[in-house]
Structure formats: structure tokens, C-alpha cells
Amino acid sequence: MQQTLTYDTPGRSTRDITRDIDAVVRDAGIETGLAHVFIKHTSASLMICENADPTVREDVETWMSRTVPDGDPMYVHTMEGPDDMPGHIRSILTGMDVTVPITDGRLNLGTWQGIYLYEHRSSRHTRQVVVTLTASG
């Protein structure tokens, strides 16, 4: 089973998409298996991160902005602006996909884990996330 979800982002930010992915799992009726979640973009990513304290994601962004700064003169690829190449590097570092076990018809995440869409560009974008579910046995 496969479903594509579409999100509008406000610019650089994180968005909790855990409930949306869990809803796809519930609607599919799969009791045990795997949920593979993939973002179809090179300047946005997915991550499993702390879901209770939003300052964790703020700290991730602070680290990213120091490590992969916008407008660094070392970047050759600047076709779409000073956040273009940093967006690509950020997505490579954090990844374009996550895989989560499905147990008893739900995502089997830890107590403090959530799935986040991490937008790396400064301006608004529309992002597509493909959820592929595979049932076990």
C-alpha cells in the first residue's frame, strides 16, 4: 500500500507529521509490518526526533545554521539563492527517509519520538511525502 501526502511549509521549520503517517497505517489495516516514509525533495528532509520539548528541534536548527550556513562563499551552486546549497547539504545530513515498525496496527515509535518534516529553505514550499506500507507474514 502506498499513499502520497502533501504539505505546505512556511519556510525553514520542522513539522510533526507523526499523526498523519499513523493515520495512513490505521486506514490500511496493517497489524504488523513496516512503514517507509520518503520525501521527494533535495532541500527538505525527514527525521525522527524528540516530540515533547520543541527546544530540541530549535537546538538542531541552531547547530545546522552554524554548521551549514546560508550564503557561505565556498558554495558554487547558488542558482536559487543563498539557502539553496545549504538546503541540499542539510537534507543529505538528516536524510530523505525513515522506516518505522508497525506493531498492533500503529507506528511503533518510542515514547518521546515523532516523525518530522524538516524544511531547509527560507521560503514557502509544497512538499510531497510518500508513505509505503509493507505487511509482515
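**Ser-91.** I started with Ser-91 and found it in helix H3, which runs over residues 84–94. This is a predicted model, so I'm reading everything below as such. Buried or exposed, I wondered about Ser-91? Its relative accessibility comes out at 0%, so I put Ser-91 down as buried. Then I listed what Ser-91 touches, skipping residues up to four places away in sequence: Thr-42, Ser-43, Ala-44, Ser-45, Met-96 and His-120.

**Nonpolar cores.** Next I looked up the largest nonpolar core, which has 22 residues. Which members touch the most others? I got Ile-17, Ile-21, Leu-46, Leu-107, Ile-115, Val-129 and Leu-133. At least two residues of this core come from each of helix H1 (18–28) and strands S1 (2–9), S3 (33–39), S4 (44–50), S5 (97–103), S7 (113–119) and S8 (125–135). I also noted a second, separate core of 7 residues, with Met-47, Val-68, Tyr-75 and Tyr-118 among them.

**Ser-123.** Last stop was the loop between S7 and S8, where Ser-123 sits. I have Ser-123 as partly exposed because its relative accessibility is 39%. What does Ser-123 contact beyond its neighbours within four places in sequence? I found Thr-9, Pro-10, Gly-11 and Asp-83. For Gly-11 I checked the spacing too: 112 residues from Ser-123 in sequence, yet 4.3 Å C-alpha to C-alpha.

Key: Residues are numbered from 1 along each chain as its sequence is written. This is a predicted model: local features need pLDDT of at least 70, side-chain atom pairs count only at pLDDT 80 or more; totals for chains, interfaces and linings use all residues. Side-chain values use heavy atoms; hydrogens and water are left out. Helices (H or I, at least four residues) and strands (E, at least two) are DSSP runs, numbered from the N terminus. Buried means under 20% relative accessible area, exposed over 50%, partly exposed in between (1.4 Å probe, protein chains only). Contact means heavy atoms within 4.5 Å. A nonpolar core is a set of buried Ala, Val, Leu, Ile, Met, Phe, Trp, Tyr and Cys residues joined through side-chain atoms within 4.5 Å.
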